[in-house]
Amino acid sequence: MKQIIEFLRQLRDNNNREWFTEHKADYREAQERFNRLTEQLIIGISQFDPSVSGLTAKDCTYRIYRDVRFSKDKSPYKTHMGAYICPGGKKSGFSGYYFHIGTGDGNGYPSQHMLASGDYICDPHVLKILREDICYGGGDFDQIVTDAAPAFSLDRDSMLQRVPHGFPSDSPYADYLRLRNFCLLHIPDNSFVLSPNLAERTVELFRTTLPFLQYVNRAVEYVKNEGKSASH
């Protein structure tokens with residue numbers, strides 16, 4: 001992973017088409033290394049979550065080219081590499097396991113490395129189902145969050161200031177009801193990413209988030225099926 005991080009740092013400092021063109025071979029080598037890691041993660045995760053079996057790196061990884069049409073930042077290239085391993089691949093709409101290597105020398109996205117499990121910016125219909133499940137689930141969601149590896153924490157960015165309309169404000173799970181992102185996050189340091197057994201360590205952490213992911217995907221599946229029924 002050291003070679004990937006070094007390439008990303010150089011790209012960050014030279015984020016222009018001329019430099020990238022001159023270093024296209026370096027990019028391809030870094031991408032190939034990341035793809036191999038992604039394939040290892042898919043194999044490892046599929047041992048406890050068969051729903052991702054058969055995916056390829058192409059199904060889960062992203063182009064390095066940024067879409068700058070609606071962004072003030074016109075830098076043409078991303079300075080991170082990420083893989084989203086979920087049922088059906090990254091465009092399926094299902095929640096999944098996200099692994100991200102950044103430059104590792106700054107705070108915040110995208111420079112930090114990241115492991116995430118769940119759904120970022122949930123569909124409003126999925127949010128409604130999740131909130132109903134949590135509100136009337138008797139603490140099952142709270143137990144699932146607690147059972148995930150201590151390295152993970154809930155993404156509390158963009159939480160609502162109040163419990164949404166239609167749900168009791170005095171609920172013991174009020175904080176969960178205010179969530180807009182149903183995602184567990186872990187921000188590892190460089191020593192984790194550079195460890196020789198990175199794939200194995202990552203898989204073991206993701207293993208602890210399987211019940212959380214299944215909880216979220218149950219709501220996603222319900223909304224998908226409801227949409228199919230309405231179209232017939």
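Guide: Two strands pair if DSSP finds at least two bridges between them. Strands (E, at least two residues) and helices (H or I, at least four) are DSSP runs, numbered from the N terminus. Residues are numbered from 1 along each chain as its sequence is written. This is a predicted model, in which local features need pLDDT of at least 70 and side-chain atom pairs count only at pLDDT 80 or more, while totals for chains, interfaces and linings use all residues, and side-chain values use heavy atoms, with hydrogens and water left out.

Now to the sheet. Its 5 strands form an open sheet in the order S1-S2-S3-S5-S4, and the pairing is antiparallel. S1 (81-85) and S4 (153-154) each have a single partner strand, so they stand at the edges, with one side of each left without a neighbour in the sheet. Leu154 has Leu184 in S5 as its bridge partner.

A disulfide is a covalent bond between the sulfur atoms of two cysteines; here the test is a pair of cysteine sulfur atoms within 2.5 Å. The closest cysteine sulfur to that of Cys183 is in Cys122, 8.6 Å away, which is too far for a bond. Across the whole structure, the search finds 0 disulfides.

A pocket is an open set of points on a 1 Å grid over the protein atoms alone where a 1.4 Å probe fits, with protein on both sides within 12 Å along at least five of seven lines; lining residues have an atom within 4 Å of a point. S1, S2 (96-101), S3 (114-119), S5 and helix H3 (24-46) each supply at least two lining residues, and S3 gives the most, with 4 residues. The lining has 30 residues, and those nearest the centre are Tyr62, Tyr98, Tyr109, Met114 and Tyr120.
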